[in-house]
Amino acid sequence: RAQETVVLLHGLIRSPSSMGRMEYALQAAGYRTCNIGYPSTQYPIEVLAERYVLPAIKDCAGDGPEHFVTHSMGGILVRYLAAHGDLPRIGRVVMLGPPNRGSEVVDAVGDTDLFRWLNGPAGRQLGTDSTSLPLALGPVGFETGVIAGTRSINWINSWIIDGSDDGKVAVERARVDGMADFLVVPSAHPFLMLDSTVIGQTITFLREGHFER
């Protein structure tokens, strides 16, 4: 497993340090890691993926398969690159709290000045309407495990979101067609990658292609 590389991609308004605990656990499990940073609030998803994330993957990844562990928008970046044929060696992917079917929060407040200032152009692409980039990507064609949370620290967002949610993304909107497995955990969106259960389940999926029941 020392030859297998796991690429970690943080979410919107986050940094590689937010994936630090996950990275250490993956290294302890024998994986080589690439914890990639990118200016998530400065450009649209297409630019972030092609100009920043893809070159970093090419610089860091080894000769074996490239697995991915992503948080939130990081999963959409992987889907975008894979859909455009830029990840020919993609292995297994674990997405934590991904807005695979968009988020109603973006629909409700995405046009406000505060939202645009905080989240930038990429954030506005994560809604559920006709401008939603995740909804335009189609099914995944790689082994994907999705983990969604059911706790929220933002009651305003949860009031906007339909159904159970993690404060940012509805459980049902984390799903993506073609995924291999789906798991729900009692964790809030900002803390999914820090949760010990999530970390353990992530390693299980990377090894086995499914979560532990």
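## Basis of the model

This is a predicted model, in which local features need pLDDT of at least 70, side-chain atom pairs count only at pLDDT 80 or more, and totals for chains, interfaces and linings use all residues. Residues are numbered from 1 along each chain as its sequence is written, and side-chain values use heavy atoms, with hydrogens and water left out.

## Overall dimensions

Along the principal axes, the C-alpha atoms fill a box of roughly 45 × 35 × 30 Å.

Of the 213 residues, 54% count as buried. Buried means under 20% relative accessible area and exposed means over 50%, with partly exposed in between (1.4 Å probe, protein chains only). Among contacts between residues at least 6 apart in sequence, 74% join residues at least 24 apart; a contact means heavy atoms within 4.5 Å.

## The sheet

The secondary structure comes to nine helices and six strands. Helices (H or I, at least four residues) and strands (E, at least two) are DSSP runs, numbered from the N terminus. The six strands form an open sheet in the order β2-β1-β3-β4-β5-β6, with parallel pairing; two strands pair if DSSP finds at least two bridges between them. β2 (32–36) and β6 (181–188) each have a single partner strand, so one side of each of these edge strands is left without a neighbour in the sheet. On average, neighbouring strands are turned by 20° against each other, direction ignored.

β1 and β2 pair in the parallel sense over five bridges, and leucine 8 stands opposite asparagine 35 in β2. Five of the five residues of β1 are buried. Thr5, Val7 and Leu9 lie on one side of the strand, Val6 and Leu8 on the other. In a regular strand the side chains alternate between the two faces of the sheet.

Further along, four bridges join β4 (residues 90–96) to β5 (residues 144–151). Valine 94 stands opposite glycine 145, and methionine 95 has valine 146 as its bridge partner. β5 also pairs with β6, in the parallel sense, over six bridges; here the partner of glycine 145 is aspartate 181 in β6. Six of the eight residues of β5 are buried.

## Helices on the sheet

Helix α2 (residues 45–60) lies across β1, β2 and β3, running at about 155° to β2. Helix α9 (residues 196–208) packs on the sheet and touches β1, β3, β4, β5 and β6, its direction making about 160° with that of β4. For these angles, axes are lines fitted to C-alpha atoms, for helices over the stretch in contact, and angles run from 0 to 180 degrees between N-to-C directions.

## Nonpolar cores

A nonpolar core is a set of buried Ala, Val, Leu, Ile, Met, Phe, Trp, Tyr and Cys residues joined through side-chain atoms within 4.5 Å. The largest has 38 residues, of which Leu9, Ile45, Ile57, Phe68, Met73, Leu77 and Leu81 touch the most other members. Two or more residues come from each of β1, β2, α2, α3, β4, α5, β5 and α8. A second, separate core of 21 residues includes Met19, Ile147, Leu192 and Phe205.

Leaving aside neighbours within four places in sequence, methionine 73 is in contact with Gly11, Leu12, Tyr38, Ser40, Ile45, Leu48, Pro99, Ala122 and Leu126.

## Selected residues

Histidine 71 lies in strand β3 and is buried, with a relative accessible area of 1%. Beyond four places in sequence, the contacts of histidine 71 include Leu9, His10, Arg14, Leu96 and His189. Asparagine 119, in helix α5, is buried at 11%. Asparagine 119 touches Leu12, Ile13, Ser40 and Thr41, not counting residues up to four places away in sequence.

Glycine 85 is found in the loop between α3 and β4 and is exposed, with a relative accessible area of 55%. The C-alpha atoms of glycine 85 and aspartate 165 are separated by 32 Å, the two residues being 80 apart along the chain.
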